[in-house]
Amino acid sequence: MKIDAAKVMELVRTVKPLFLDHEQAARIEVKGLADFVTQVDFKVQEMIQDGLMQLYPDIQFMGEEKDNSDIDFTGPVWILDPVDGTTNLIHDYRNSALSLAFCDNRQLELGIIYQPYTDEMFHAVRGGGAWLNGRPIHVSRVDTMERSLIAIGTSPYDHGLADRNFRDFKEVFLRCSDIRRNGSAALELAHVACGRTDAYFEQVLRPWDFAAGMLLVQEAGGTVTDYDGEPLDVSTPCQVAAANGLIGEELLAILGK
Ligand code: 2AM
Ligand code: CA
């Protein structure tokens, strides 16, 4: 199925005022441990779902804030996280993004990540490269862990992962230049894709957190696998390790232990 990426990005841009609506961001519900949803999340999802339905009525829609049990991944599917980085949104930390991917028969075809605070629109098309606001982007060329800046994901929604996480963070921290943690998996992946960081890893991400960013990193020349170097399945929660392709092996040697 052929998708008009420019049209979809035009739709995505229209959510900006919703992200900036402090009143709606303050209307919070708790979904689980360190897992929140606000009225902004619901409104952004509704706007995008309606818009995509008008443009492509036959494509299924998967969104974080709805029941997705009927999705058939052998067919075409949109995968949306209306707000990735909801905790940041609640704190007005200004580091949240919309993440939208299109996949067909489990193959990612299009990935879009939009950061409304900076007006940065990242997108990637399978086989067509990765872009930031219309300019091509590439992963960094840093080729040693020692000189690399590496983003970590703390998995705050599952404290059972903390021991393993903090062991990995210490090991990586001692071997790299420094670590970062920004609170939005989608933006972490976008930052690897455009070379701001050299790698990023998090123990459990769901399809809407990583699908668009995975295609971005791959199309920008990087690698995305689980901690054992295995490919990810966009229909299920996954361990995610993204890297610039030069330090990936060194990172996986630590994470895969
Ligand atoms: P969210 O802001 O859309 O909830 C933080 O570590 C990252 O993990 C964010 O991208 C966050 O997305 C995501 N996240 C939050 N809860 C999660 C969960 N239960 N499983 C996987 N990822 C989650
Ligand atoms: Ca979300």
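The shell around ligand 1 holds six nonpolar, four polar and eight charged residues. This is a predicted model, in which local features need pLDDT of at least 70, side-chain atom pairs count only at pLDDT 80 or more, and totals for chains, interfaces and linings use all residues. Side-chain values use heavy atoms, without hydrogens and water.

Of the 18 residues around the ligand, Asp-81, Asp-84, Gly-85, Thr-86 and Glu-202 come nearest. Near means that a heavy atom of the residue lies within 4 Å.

Polar contacts (pairs of N or O atoms within 3.5 Å) involve these side chains:

| Side chain | Ligand 1 atom | Distance |
|---|---|---|
| Glu-202 | oxygen | 2.6 Å |
| Asp-81 | oxygen | 2.9 Å |
| Tyr-157 | nitrogen | 3.5 Å |

Taken alone, ligand 1 exposes 480 Å², and the protein buries 91% of that. These areas follow the Shrake-Rupley method with a 1.4 Å probe.

Which elements give two or more residues to the shell around ligand 1? They are strand E4 (76-84) and strand E12 (199-205). Strands are DSSP runs of E, at least two residues long.

Domain 1 (5-136) and domain 2 (145-255) each supply at least three residues of the shell. The domain bounds come from an automatic or database assignment.

Technical notes:
Residues numbered from 1 in each chain as written. Chains lettered and ligands numbered in written order. Polar contact = N/O pair within 3.5 Å; in protein donor to acceptor, adjacent residues only side chain to side chain. Helix = DSSP H or I, 4+ residues; strand = E, 2+ residues; numbered from the N terminus. Nonpolar A, V, L, I, M, F, W, Y, C, P; charged D, E, K, R; others polar.
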